[in-house]
Amino acid sequence: MDLNFTNKSEEYRTQAMAKHLIANVVVLSLYLIIGVIGNMIVLAVYRFQMEGKEERYFIPFLAVSDMLTSVVGSVNCIMLDVMQTTFTNNILCKIVFYTIALTAGISLFLLLSIAIQRYLIICRRHRLNLKTRKIMVAVSVCLSVACSVPFAVNYGVNEHFSDGRLVGYRCGRLKHGVYLSGLVYSIFFITLMLFTVLALVFLYGRVGWVIFKHFNAQKFKQTNVSKETSTADKLTNDSITTNLQSKTQELKNTNGSYSKLTVNSECKNDSNIEATQSSDVYTETTVPECSSSAAQIGNSTKPKRLKKTNRSKKRRRFKNKFTFMFILITAVSIVCYMPVGMVVLLEGILPDFWERLSETVAATVLWLYHTYIINSIVNPIIYAFMDAEFSTALKALFEKCKCFKKYSK
């Protein structure tokens, strides 16, 4: 009987793996490789090129958490997929789900901490001191530890049935003994996730609104400045022309002879006025020269002001782009975590949730169950494409490594 059960179990497992789970294992292996390499690069850049930057304080912690999530999540999920019907170690099963929930939770709470920091900097003009930032990291870890404990209680090894027959043992949500506590925790888990999502949407919604108003104000200000500058230039040219005409009239009335030096005393750097000693004939090519000269004198302080304004605009543009980067990271995390929350809720409501699924649907749901790992592998890619300072530091680190290799040879 035992031999017959073992043969059936092995046959079922082999067929299921061959048809539906191999693709999941390959994808999880890619998650593992990309997650480790990408987050190690982020840590190297921040360790050697961007250390001590206040606004980026949480990013190295997030990179460590993402790397752990990639490793723990990928390895544990591969183990669960390979041992779909042969998982018999109850303690190991509890450790698997606890560590998955722990590492993923730290990443999510760190994203919430970053959202709070951006909100305070942009909307409240308040910067967090080092002590407060350290406390926020510690609180993120403690919250994740506390929220992950019920996974160790409510998950374990179950008998797994297919078409009404026992095919093996599966690691997952316990169906007997702690069903009520599991149901309560599933509801609490999805409520906590929704609260976190709403908090992120609110914080970044406020941040986005402030940036939007700032852009509109800047656009309106630039329009007014350009109009004022145009009007001022027109008035300056008119006054210069009037002044030139009055001086010309004086030349005609006095029938005198003014040397080139006398005319130049009124209009410096002008070398194009030609006046004769015995007639009132002259060549009037002075307006452009005078206008240019007057503009240069009146605007002698503009270059410095423009440089300062350009630096300020560039700094604001960088901060806004930096904020938009975190908005994108948060949006990706919401999309990646929501399927996991829905599956956890369904597991809590339906004890035989997995047994109701066909092999094809089960493989699809398993892939959705693993999407939280995607959040941990895309962050380095987002940094590389949206963070100009990070890209520059990455290039500098690459050049430094090349020089070190040359020197070592």
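In which handedness of crossing does α2 pass α10? The crossing is left-handed, a label given when the near helix is turned anticlockwise from the far one by less than a right angle, with right-handed used if clockwise. The model is predicted, so local features need pLDDT of at least 70 and side-chain atom pairs count only at pLDDT 80 or more, while totals for chains, interfaces and linings use all residues. Residues are numbered from 1 along each chain as its sequence is written, and side-chain values use heavy atoms, with hydrogens and water left out.

Helix packing was examined for α2. Helices (H or I, at least four residues) and strands (E, at least two) are DSSP runs, numbered from the N terminus. Helix α2 spans residues 58–82, and helix α10 spans residues 372–386. Their axes lie 8 Å apart, at an angle of about 140 degrees. Axes are lines fitted to C-alpha atoms, for helices over the stretch in contact, and angles run from 0 to 180 degrees between N-to-C directions. The α2 and α10 pair is therefore oblique. Angles under 35 degrees count as roughly parallel, over 145 as roughly antiparallel, 65 to 115 as roughly perpendicular, and the rest as oblique.

Helix α2 also packs against helix α3 (residues 90–123). Here the angle is about 155 degrees, and the axes are 9 Å apart. These two helices are therefore roughly antiparallel. The crossing of α2 past α3 is left-handed.

Charged pairs come next. Side chains of opposite charge can pair when their charged atoms come close. The structure holds 2 salt bridges, each defined as a side-chain nitrogen of Lys or Arg within 4 Å of a carboxyl oxygen of Asp or Glu. One joins the side chains of R56 and E389, at 3.4 Å from N to O. This pair links distant parts of the chain, 333 residues apart. R56 sits in the loop between α1 and α2, and E389 sits in helix α11 (residues 388–408). R56 is buried, at 4% relative accessibility. E389 is partly exposed, at 26%. Buried means under 20% relative accessible area, exposed over 50%, and partly exposed in between (1.4 Å probe, protein chains only).

A salt bridge also joins R356 and D352, at 3.2 Å from N to O. R356 is exposed, with 55% relative accessibility. D352 is partly exposed, with 28%.

M325, in helix α8 (residues 302–349), has a C-alpha 7.4 Å from that of D387. The two residues are 62 apart in sequence. M325 is buried, with a relative accessible area of 0%. L357, in the loop between α8 and α9 (359–369), has a C-alpha 9.3 Å from that of S162. Here the sequence separation is 195 residues. L357 is partly exposed, at 22%.

The surface was also considered. I22, V26, L30, I33, I34, I37 and I41 make a nonpolar patch of about 600 Å². Patches are made of residues with over 30% relative accessible area and no salt bridge; like charges are joined within 9 Å, and nonpolar side chains (Val, Leu, Ile, Met, Phe, Trp, Tyr) within 5 Å. Accessible areas come from the Shrake-Rupley method with a 1.4 Å probe, and for residues only the protein chains shown count as cover. V26 belongs to helix α1 (residues 2–48). V26 is partly exposed, at 46% relative accessibility.

R125 lies in the loop between α3 and α4 (130–154) and is exposed, at 71% relative accessibility.
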